[in-house]
Amino acid sequence: MALRALARVNLAAIERNAARLRAHLKPGAELCAVVKAAASGHGAVPAARAALAGGATWLAVATVGEAAQLREAGLSVPILIMGAISAEELPVALAARADVVGWSDSFVDDLARAAPGNGSVGVHVKLDTGMGRLGTRGLDRAVALAERLTGAATPGLVLAGAMTHFATADGDPEFLAEQLSAFRPFAQRLRDARPGHRLLVHTANSAATLREPASHYDMVRCGIALYGCDPMNRDPDDVELEPAMQLSSYVAAVKRARPGESAGYGRRFIADHDTWIATLPIGYADGIRRALSNNCDVLIGGRRYPLVGTVSMDNVTVDLGPAHREAGDPPAEVEQEAIIIGRSGAERQTVEDVANRLDTVAHEVLCGISARVPRQYHRDAEPVL
Ligand SMILES: Cc1ncc(COP(=O)(O)O)c(C=O)c1O
């Protein structure tokens, strides 16, 4: 039975991507699977389990709710909440036994008040080396914050990690090198101050993991590469990653368009010759961004066709071309599967292809596949029930 919109997720691909990333790391470095935003649309819990099966040892999320969800599902590995946490949200983070990221005195004050007094809450101090977003600005201030965590005034907290985040790992290698240089003395000072203290040092996202081994330190934090996308928006085959997501719809209607007839809102497609138009019941409410109007392909029966006209909330239209016109048969059948992301025969449209059309990153395309689209899990040919 065709579904109007369906996201099929291959958990075996996530597992193999994790194993590949793991194999690529410097000896001793751990893999943290970044499963925030429902594992970029793949489903946090199944994706986390697959990444752990492939060798990840940590999970990272952005929000306290995401950490709680992983714990509720029975996952017991260390979890790092990377995002900002307000004082109101702290009890949820503590109940999830998650490590948190700190960069300000006020956060450490709130956390020290909320934490039980047995040194159980791990804090990773984040140095802002150039992302200019979250993180302590200034090496001395970051070191001072880390020292507070090891002092008697914060008995409920423990200095667990030192980290930073790169702004251009997927683009400008020179700035990446600058950020690494700015980070190096931070890790060194914290290690020198407490020899023998277990401090987890981590900096790398997927792009840095793939292109800069010096960024691996004790752990890397990979999201997009786990899902089989290349952070540089190149062909994932070139970096031996396997896309885990397929997004499909089906042909719900096929009709002739005569010259001058149009399809979709605003008449942004008007036929200039006899052709056949298929309607697929998937639209921007499912994650097919409206900016893909007249600007995407769809794969049907192993052939590639242009998406034409405006993407509407629940439908898109596709130009099947004039083939079979004389015989009177439409070239694609009603109910036939239509692939927006994935493979059909020898044809393939990757998340990166769609991202490039939208001048965005694979993360945004994947996160945009909305909750309305059912997720169906499989491990290669085996369905996961
Ligand atoms: C702090 C931090 N680390 C790591 C990642 C993982 O990045 P990527 O999905 O590009 O591997 C993210 C995601 O945005 C992040 O915010």
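Residues are numbered from 1 along each chain as its sequence is written, and side-chain values use heavy atoms, with hydrogens and water left out. Because the model is predicted, local features need pLDDT of at least 70 and side-chain atom pairs count only at pLDDT 80 or more, while totals for chains, interfaces and linings use all residues.

Helices here are DSSP runs of H or I with at least four residues, and strands are runs of E with at least two, numbered from the N terminus. Of the 10 residues of α3, 7 are buried (under 20% relative accessible area, with exposed over 50% and partly exposed in between; 1.4 Å probe, protein chains only). These are A44, V45, A47, A48, A50, A51 and L52, and they pack against α1 (11-24), β2 (30-34), α2, β3 and α4 (contact meaning heavy atoms within 4.5 Å). Just after α3 comes G55, with a positive phi of about 120°.

Helix α4 spans residues 64-72, with V64, E66, A67, A68, L70 and R71 buried. Its buried residues pack against α3 (44-53), as well as α2 (36-41), β3 (58-61), β4 (79-81) and α5 (90-95). Here too a glycine follows the helix: G74 takes a positive phi of about 95°.

Turning to the strands, two of them pair if DSSP finds at least two bridges between them. Strand β20 (residues 375-379) runs parallel to β1 (residues 6-10) over 4 bridges, with Q376 as the bridge partner of R8. With β21 (residues 382-383), β20 pairs in the antiparallel sense over 2 bridges, and H378 stands opposite P383. The two strands β20 and β21 form a hairpin with 2 residues between them, and D380 in the turn has a positive phi of about 50°.
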